[in-house]
Amino acid sequence: MKRTAGVIFRTMILLFLGIMIGLLLNRDFATHNLGLSFTANSKIAKVLQLVDRNYVDSVNIDSIEGVSVNNLLQNLDPHSLYLPKQQAQSINERLDGGFNGIGIEYQLLRDTLIITQVYAGGPAEKAGLLVGSKVINVDDQKFSGSKLTASRINGVFRGEKDAEIKLAVVPPLGKDLKILTVKRGHVDLSSVDAAYMADATTGYIKISKFSATTDVDFRKALTVLKTDGMDKLLLDLRGNGGGYLNAATSLADEFLTEGKLIVYTKGIHEPRTDYFATDSGMFQKGKVTILIDEYSASASEILAGALQDLDRATIVGRRSFGKGLVQQQFAFDDGSAVNLTVARYYTPSGRSIQKSYRNGVDSYRNELAQRMQKGELFSEQSNLNDSVFKGTPSYHTSSGRKVFSGGGIMPDVFVPADTSKFTPLIQDLSQQQLFTAYVIDRQQQLLKKYPTEAEFLKQYAVSNDDVDKFILYASQTIKEMDSNEIRNSREPIKTILKAQAARFKWGDNAYFKVINADDVAFKKGLEQ
């Protein structure tokens with residue numbers, strides 16, 4: 001997404017968008033910067049004026065304006081979007097690597113906010129806030145039981161740096177109120193979800209996004225793993241929807257020697273721009289395996305595509321999403337923004353991995369469901385037979401291996417989807433956050449029996465009786481559960497219950513150690 005566009009093209013786009021906004025607001029708009037002149041005498045402006053002055057009910061003209069701009073952009077491609085202020089802010093915070101707040105994750109349980117994670121080094125940890133604490137009052141005002149919403153919670157915990165918040169909390173497994181004063185500060189959002197030794201010589205790193213801090217986060221994780229004896233790396237990009245182009249090229253640089261082409265971009269208004277590796281990479285030697293799936297997109301595909309083309313990594317999993325368009329964000333004064341596609345990117349062999357969107361946005365967004373219906377998530381041959389690859393030019397890696405274009409990155413080692421882990425019941429339980437709720441309500445006392453993460457992972461096993469107790473607990477929220485689905489979901493429920501308990505007490509590394517121990521793609525990646 002984040003890149004430098006040509007000055008003329010930027011000017012043209014800003015003029016175009018300004019014209020559209022001006023038209024929608026029925027303002028006169030004129031410019032002579034490029035010898036062009038425009039007047040707000042359009043049907044769009046007239047219709048909006050008629051609605052504003054004559055419509056039977058009151059309407060939000062700003063909202064209509066946003067919808068109109070978005071419809072215009074979506075007729076260009078599925079990834080050019082209008083972003084309202086709050087959405088633009090949320091995306092930018094996530095990709096810029098931090099925000100002003102207190103550094104917690106939480107869950108609402110019976111209208112009470114319960115702390116489920118405290119970020120290391122953040123303001124909440126410094127103030128002594130513990131995982132499992134219930135927030136009862138904020139600044140001497142009732143908080144628990146006050147019909148809490150996400151917007152109200154964000155308004156309390158995020159905001160002006162150095163502002164103090166007085167919290168009255170009940171500590172985990174406690175009964176008496178404890179008063180804490182937390183001062184808001186900058187909270188870092190790491191791109192690395194987990195980093196640990198998968199075996200004696202293989203490090204595992206899971207990256208959730210490609211943000212401004214991804215390369216720094218990766219280097220920190222890599223440094224620790226190297227001291228633990230790592231000489232091979234399993235890099236997990238499953239579910240990673242991408243982010244900044246420069247973050248992907250910086251991460252690819254960690255694995256490549258100087259002068260290697262990582263990716264190039266070009267568009268009708270953009271000359272070709274090549275991105276090359278330097279000699280600063282921390283892991284230029286050592287075997288690399290990358291895990292991808294159908295939700296690995298954009299920057300994830302840049303990295304996987306580059307390392308596949310250059311024979312630097314083995315790609316394991318399922319065909320990636322297929323997003324080969326580069327967006328740049330243009331911000332407006334009111335905080336809203338437009339993400340506009342400005343170029344396509346191409347892997348070192350010349351592949352464009354962008355899947356087709358000629359049948360419209362709805363068809364494009366339903367493409368993953370269509371893959372499942374065709375059996376592509378379960379059969380490598382179904383992918384190779386699919387029309388997405390038919391008729392496309394042949395491309396080859398540095399060593400001459402054939403690779404595919406036009407529909408995502410096809411892995412070197414295919415791993416079919418395991419549907420037993422994603423039953424409708426599992427999805428319902430997860431959406432209702434019942435696994436975490438159960439840990440909070442019923443398992444905190446259990447966790448006290450295990451002083452260390454290693455003891456818990458080795459000794460604790462979820463029994464069938466434990467699953468029955470969990471189902472009974474969940475039935476208070478999900479009133480109807482099919483007995484066959486319960487039976488089919490029993491083993492995944494055991495894994496998730498243990499993983500969520502591990503995360504609650506020891507964090508994300510412990511969670512992924514449990515999840516990955518029962519994961520086919522992870523095991524296949526280790527074999528490579």
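Before going on, a word about the source. This is a predicted model, in which local features need pLDDT of at least 70 and side-chain atom pairs count only at pLDDT 80 or more, while totals for chains, interfaces and linings use all residues. Residues are numbered from 1 along each chain as its sequence is written, and side-chain values use heavy atoms, with hydrogens and water left out.

Now widen the view from the hairpin. β10 and β11 belong to an open sheet of six strands with mixed pairing, in the order β10-β11-β12-β15-β16-β21. β10 (192–197) and β21 (413–414) stand at the edges with a single partner strand each, so one side of each has no neighbour in the sheet. Helix α19 (residues 520–527) lies across β10, β11, β12 (232–236), β15 (287–292), β16 (314–317) and β21, and runs at about 160° to β15. Such angles run from 0 to 180 degrees between N-to-C directions, and axes are lines fitted to C-alpha atoms, for helices over the stretch in contact.

Another hairpin is made by β3 and β4. Six bridges join β3 (residues 104–109) to β4 (residues 112–118), and the strands run antiparallel. Leu 108 stands opposite Leu 113 in β4. Two residues lie between these strands, and in this hairpin Arg 110 takes a positive phi near 50°.

Next come the helix pairs. Two packed helices are described by the angle between their axes and the distance between the axes. For α8 (residues 245–253) and α9 (residues 299–309), the axes come within 8 Å and cross at roughly 30°. The two are therefore roughly parallel to each other, a label for angles under 35 degrees; over 145 is roughly antiparallel, 65 to 115 roughly perpendicular and the rest oblique. Leu 245, Ala 248, Leu 251 and Ala 252 in α8 meet Ala 299, Ile 302, Leu 303 and Leu 307 in α9, where contact means heavy atoms within 4.5 Å. The residues of this contact divide into eight nonpolar, no polar and no charged; Ala, Val, Leu, Ile, Met, Phe, Trp, Tyr, Cys and Pro count as nonpolar, Asp, Glu, Lys and Arg as charged, and the others, Gly among them, as polar.

Helices α14 (residues 434–447) and α17 (residues 483–506) have axes that come within 10 Å and cross at roughly 70°. That makes α14 roughly perpendicular to α17. The residues of their contact divide into eleven nonpolar, four polar and one charged.

Terms used. Helices (H or I, at least four residues) and strands (E, at least two) are DSSP runs, numbered from the N terminus. Two strands pair if DSSP finds at least two bridges between them.
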